[in-house]
Each structure stands twice: as structure tokens, then as C-alpha cells.
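Hi everyone, thanks for coming. Please have a look at the sequence and the structure on the screen, and then we will walk through them together.

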Amino acid sequence: QPAVLIMDKFRGQMSSPVQENLEHHKILVVPVPAGATDKLQPLDLTVNKAAKDFLRDRFHHWYAE
């Protein structure tokens with residue numbers, strides 16, 4: 001039975017080489033439907049967003065100096 005991986009539609013992970021590698025390793029990709037991220041990937045909107053915002057802010061401050 002294949003493993004299941006839920007992914008959004010980020011182009012880098014939807015490329016042919018990535019898809020072929022996943023298929024080779026018997027990983028079934030289930031795309032996240034538009035507008036469903038908050039239900040299927042709640043950490044992406046809570047924890048990850050806060051971390052990304054913090055790092056982006058720190059980078060902008062660093063780069064401006």
C-alpha cells in the first residue's frame with residue numbers, strides 16, 4: 001500500500017522529476033484543493049506563517065543594514 005503525501009501546488013514539488021521520484025517510491029500525492037489549506041494544513045497558517053513572517057522581518061532588517 002502506498003504512503004500518502006498531502007501537498008499544495010507549489011511548482012517546485014509538482015515538477016516531473018519530483019513526481020517521478022515519488023511514484024518510484026510508491027508515494028501517492030494528494031493535492032490540497034484551493035481554499036482548503038486552513039483545514040488540511042492548519043500548522044501552515046499558524047506556526048509556520050508566524051515563523052516565516054519573523055524570519056522575513058529579520059532578513060529585511062539585516063539586509064537594510
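Let me start with a question: does Trp62 count as buried or exposed? Trp62 counts as exposed, because its relative accessibility is 57%; here buried means under 20% relative accessible area, exposed means over 50%, and partly exposed lies in between, with a 1.4 Å probe and protein chains only.

Before we go on, a word on the source. This is a predicted model, where local features need pLDDT of at least 70 and side-chain atom pairs count only at pLDDT 80 or more, while totals for chains, interfaces and linings use all residues. Residues are numbered from 1 along each chain as its sequence is written, and side-chain values use heavy atoms, with hydrogens and water left out.

Now the overall picture. The protein has four helices and two strands, where helices (H or I, at least four residues) and strands (E, at least two) are DSSP runs numbered from the N terminus. Reading from the N terminus, the order is β-α-β-α-α-α. The C-alpha trace spans about 50 × 25 × 20 Å along its principal axes. The radius of gyration is 16 Å, whereas a compact globule of 65 residues would have one near 11 Å; that radius is taken over C-alpha atoms, and the globule rule is 2.2 Å times the number of residues to the power 0.38. Buried residues make up 8% of the 65 residues.

You will find Met7 in strand β1, residues 3–7. Leaving out residues up to four places away in sequence, Met7 touches several others, including Leu22, Val29, Val30 and Val32; contact means heavy atoms within 4.5 Å. As for Pro17, Met7 is 10 residues from it in sequence and 16 Å from it in space, C-alpha to C-alpha.

Let's move to helix α4, which covers residues 47–64. How many salt bridges does a search of the whole structure find? It finds two, a salt bridge being a side-chain nitrogen of Lys or Arg within 4 Å of a carboxyl oxygen of Asp or Glu. Asp53 pairs with Lys49, with the closest N and O atoms 2.7 Å apart. Asp53 and Lys49 are four residues apart in the helix, so about one helical turn separates them. Asp53 also meets Arg56, at 3.1 Å from N to O, and those two are three residues apart, again about one helical turn. Asp53 is partly exposed at 33%, as are Lys49 at 42% and Arg56 at 45%.

Finally, back to Trp62 and its neighbours. The structure holds three aromatic pairs; rings of Phe, Tyr and Trp (its six-membered ring) pair if their centres lie within 6.5 Å, and planes under 30 degrees apart count as stacked, over 60 as edge-to-face and the rest as tilted. Phe59 and Trp62 have ring centres 5.7 Å apart and planes at 40°, so this pair is tilted. Phe59 is partly exposed, at 43% relative accessibility. Trp62 and Tyr63 form another tilted pair, 6.3 Å centre to centre with 45° between the planes. Tyr63 is exposed, at 62%. Together, Phe59, Trp62 and Tyr63 form one aromatic cluster.
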